[in-house]
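Q: Could you walk me through a few features here and show me how to read each one?

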Amino acid sequence: MNFIKAESLSKSYGEKHLFEGISLEINRGDKKALVARNGAGKTSLINILLGREVQDAGTVSVRSRLKIGYLEQDPKFDESHNVRETLYSTDNKFVRTIDAYHTALDAYHANPIPAHFAAFDAATAQMDLLQAWDYETRIAEILTKFGITDLAQEVSTLSGGQRKKLGLARVLIDDADLLILDEPTNHLDLDMIRWLEDYLSADNITLFMVTHDRYFLDNICNYIVELDNKTLYSFSGNYSYYVGKKSELVETERKTIEKARNIYRTELEWMRRMPKARTTKSKARIDAFYDLEGVAKKRLHSDKIEFKVSANRLGNKILEIYYITKRFGDNVVIDDFSYIFKHGEKIGIAGPNGSGKSTLLNIITGALKPDLGKVTIGQTVQFGYYRQEGWIENQDRRVIDIMKDIAEEVYVGKGTVSTAVFLQHFGFSFSEQYAYFSTLSGGEKRKLYLLMTLMRNPNFLILDEPTNDLDIATLNALEDFLSDFPGCIIIVSHDRWFMDKLSDHIFAFEGVGKIKDFPGNYTQYLEYQEQQQFHKKRESQQEQRKEQKSLPSKSKTAGKPSQKLVREFEQLEHEITALETEKHILTQQLSQGGSNEELTRYSLRIGEIIEMIEAKTERWMEVGGEM
């Protein structure tokens, strides 16, 4: 079934032409990804499909009554609402019913008067009528996975990462026909990303997304569309297939242009002789010449960007960490950690959000003091710190002026280039250099901040989530640069592809302040984690079997079978009632929020209870049939 069909779309902003005559279809069951350079027009294309912007030419057809869930790159919310109001602001009847149930439940808990009980009873009956309890459990699972626990928190107090998670949770809860997601993995830790991969891989989900996460693309998408040089190219397959086919297409196009240029030289000589005979044959040859000229003068666009920024010399003593400990109240973030850095080390940092990764970076750079221990920095060390929160220009100035504040010239290899040439090399044309900072896309702003970090010629790079919002071409170039970087590098990133390519070993935050130095890349560390979890589970199962074998066997007692059945029937009724009561209480506790650990425990227990109720009910029916 066709959900959206766009034909012959064109869009320009002044002299900047984003795309011309492109067409796109999104059908039920598709999982398509849109890839393009920063500033190429990805967001504009999405806004046109959603009806938020008007195209210069072409048409967009959307299936009648199609429900679309859209996650923006930077979600916008009503700042006067709290988290709960934001989550449940939808026309979905299940979500509205669940919201009404929790509102009635909260009112009854706050003031248990008959009117509030009647409202709660009516809301419970409506939940039963719609069979919305499973839907509520799914909502609880989504909120737990994204760490959304304080539903009363005001939206205005949320960080950028919390807003992204809230926006994603709201889209998933709404249960739309089509999901359009712009950089959904930004600000998510690895566990969240892997859960989201499983969720979006379901056959009943139709997806159109923009993401730089190449493993995510590989694992989910069955179609890649690339917006390049104002044209849209389609590839049926995942990201790895797209990379292979793209290189084949580029090579084919290169050979076509080369062949056209060889023929063009011959035809140009014939045209210069100004053929006087205007026969049908000569006119056709003249027309063919102009077509050939268009191909021959075409410049082959390359995604290849090369970072060749110089790094200052690094001395023998680099960075030494001795027995550092850091606590925030009762929370131990780093406990007795030591490490001495060596030349050329590339270290990845892994761990869930809030585990202390940024704390370690701030202690290393001196922005934060450890409670115990010390950090010694070598005299020649010059840090280049790319922060996760990015960089904000205080005044809205032109790009070229901002960059010239850092340097008029940039050291590149053994020489220098002007700042303008340097910016052009990384995709900022001369006209874009004179654009104001506020007009840049989110990805272009981040790329500019990255270039500012490198322009200072650091010899110790600290990169905290450098891949967010960058296009894939820039990521590939950054990876090539970092692979050859002569200094030290510390990388915090949830981009598995990026970490696998660059990390020599991993500092893994494993909880309660423990940091494990793992000798391998990100994927190898994940495999190690899975093996450890498997062994622990197997050992636990073996212990349970030993305990069961050690229990004394029950002696068989004489008695009438009917009495046994009666007792079993009554016991099952009692157990089922108790389980239903426990499930109801846990569901209430889940809706009221709490810590991640508590919510996870509630959610898992509810799942166990549902399975137990089903099993005991089946047995209760069997016993009832025998009585």
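Predicted model: local features only at pLDDT ≥ 70, side-chain atom pairs only at ≥ 80, totals over all residues.

Q: How does the span of helix α16 compare with what its 13 residues should give?

A: Count 1.5 Å a residue: the 13 residues of α16 (residues 472-484) should then span 18 Å, and the end C-alpha atoms lie 19 Å apart, which agrees.

Q: Which residues of α16 are buried?

A: As a general idea, an α-helix has 3.6 residues a turn, so residues three or four places apart point the same way. In α16, the buried ones are I472, A473, T474, L475, A477, L478, E479, F481 and L482.

Q: How do I describe two packed helices?

A: You give the angle between their axes and the distance between the axes. Take α3 (residues 93-110) and α5 (residues 133-145): their axes come within 10 Å and cross at roughly 85°. That falls in the 65 to 115 degree range, so α3 and α5 are roughly perpendicular to each other.

Q: Which residues of α3 and α5 meet?

A: From α3 there are F94, V95, I98, Y101 and H102, and they meet W133, Y135, E136 and I139 of α5. By class, that contact has 7 nonpolar, 1 polar and 1 charged residues.

Q: Is V410 buried or exposed?

A: Buried, because its relative accessible area is 1%, under the 20% cut-off. V410 sits in strand β15 (residues 409-412). Leaving out residues up to four places away in sequence, V410 touches G415, T416, V417, T419, F422 and M455. Of these, F422 is 12 residues from V410 in sequence, with 7.2 Å between their C-alpha atoms.

Note on methods. Residues numbered from 1 in each chain as written. Heavy atoms only, no water. Helix = DSSP H or I, 4+ residues; strand = E, 2+ residues; numbered from the N terminus. Buried < 20%, exposed > 50% of the residue type's maximum accessible area, 1.4 Å probe, protein only. Contact = heavy atoms within 4.5 Å. Axes fitted to C-alpha atoms, helices over the stretch in contact; angles between N-to-C directions. Parallel < 35°, antiparallel > 145°, perpendicular 65-115°, else oblique. Nonpolar A, V, L, I, M, F, W, Y, C, P; charged D, E, K, R; others polar. Expected span 1.5 Å × (residues − 1).
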